[in-house]
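Please find below a short note on the model under discussion.

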Amino acid sequence: MSSYRKTATLTRSTPNLIPVIYDEVAVSSDEDWGTNANWHEVNVYNAVQHIIARASNRVFVGQELCRNEEMLKVAQRWSVLFPISGMILRQIPELLRPLVAPLITSPNHWYARRFIKYLKPEILRRQSATAADSKEKPNDFMQWTIDAAERSDLEAERSPRIIALRILATIFGTIHTSTFITSNIVLDLASCDPENLSEIRQEIRDALVNNDNKWDKSLVQRLVKLDSSMRESARLRTFTLTNVLRRVVNPKGLVTPDGAKLPYGALIGLPTMGIHNDEDIYKDAANEKPTGKSGSNNAGGRSFVSVSPKYHPFGLGRHACPGRFFASAELRLLLAYLVLNYDIEHQPERVAPQYVGTVLLPPSKATVRVRRIAK
Ligand code: HEM
């Protein structure tokens, strides 16, 4: 089963998984942001990365493994090293790559082996579960991968190693992207007009009252001001300056409608940052207008996940991110929990993001002062 199809299963299952994601968000946020009612400082990036790793892995591998801090660390190290070794290898002439690749990628293999070791016993346990146990089957990404492997004609698909590596690849594709976006949203909320933050908090309180205090799909759908602020933050701080990257696969090349000739193999993309900051598309484009009020850049009510030629943090077209619906629910739950339970001290200046090549990263050392709101 392709990662695209498993992500489709994830999208279909997201409404049912909301209480589970919320549970992990709550437990992990209490650890990472603390329960102290006095003002204290938290590193935004580290805390957000940890909460997202926990909540996402709760859905990927279940409660017990998602709370295994060593396993989380191993997956995180692999996810950092994987693109770095790719970047290094691309600088080396193609002919020499097979010779140096084993050396350059050896730390990746070491971390991957350790990751497999953590997951293997659980994969084997689930694979040996009898049909009678099938009613008790966990509803998570690991189980969907095991079930898809059972249906496959390829014996290799059922190897615990392959199943674990598929999960590791999914973790790689999801944790960083969600962490970048969410860290920026938290910093934007800390530096936005305090009235906006109060409005968002009030919206969450009202939604809970109107939803019998249940954290479920219906609650998540009511958080439109929060969603609007997520969209505005993603518009201004999309982490890839160019997006929707596509390669010309026609051996004869391609001629664009305005006559530009693109040779076979050329890599093309959209200037996302330019489009997201275009004054002809977004009024007062450089300024965030988070709550979706009239006059805001999102007055039309388009959501965080509705991609268009004018908005593409999740790409565009047939290959637009299929995980964005899950990400949207997870991020709403996480942000709603933080806004509802913590005062966030207003920051007059937004800490600037950092450029690394064509990637715009949230400032990894930025902190916010927070205190727990008494219940
Ligand atoms: C806020 C979090 C996320 C962001 C910003 C993000 C962003 C992106 C972007 C920009 C693309 C390329 C789209 C294109 O070229 O048109 C992509 C592709 C993809 N994403 Fe995400 N993503 C996020 C979360 C997730 C999650 C949670 C999953 C799954 C669990 C996921 C699974 C995928 C897959 C499978 C693809 C490849 C789609 C294809 O090639 O057809 N993503 N994502």
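The numbered points below take these topics in turn.

1. The model is predicted: local features need pLDDT of at least 70, side-chain atom pairs count only at pLDDT 80 or more, and totals for chains, interfaces and linings use all residues. Residues are numbered from 1 along each chain as its sequence is written.

2. The ligand is surrounded by 24 residues, the closest being Thr-177, Gly-315, His-319, Cys-321 and Gly-323; a residue counts as near if its C-beta atom, placed from the backbone, lies within 6 Å. Two or more shell residues come from each of α1 (3-33), α8 (160-191), β2 (243-247) and α13 (324-341). Helices (H or I, at least four residues) and strands (E, at least two) are DSSP runs numbered from the N terminus. With six residues, α8 supplies the largest share of the shell.

3. The largest nonpolar core comprises 83 residues, with Phe-115, Ile-167, Leu-333 and Leu-334 having the most contacts inside it. Such a core is a set of buried Ala, Val, Leu, Ile, Met, Phe, Trp, Tyr and Cys residues joined through C-beta atoms within 7 Å, where buried means 20 or more other C-beta atoms within 10 Å of the residue's own, C-beta atoms being placed from the backbone. The most residues, 13, are given to this core by α8.

4. An open sheet of three strands runs in the order β1-β9-β6 with antiparallel pairing (strands pair if DSSP finds at least two bridges between them). Because β1 (40-43) and β6 (342-344) stand at the edges with a single partner strand each, one side of each has no neighbour in the sheet. Four bridges join β1 to β9 (residues 367-372) in the antiparallel sense, and Val-42 stands opposite Val-368 in β9.

How values were computed:
Buried ≥ 20, exposed ≤ 12 C-beta atoms within 10 Å, placed from the backbone.
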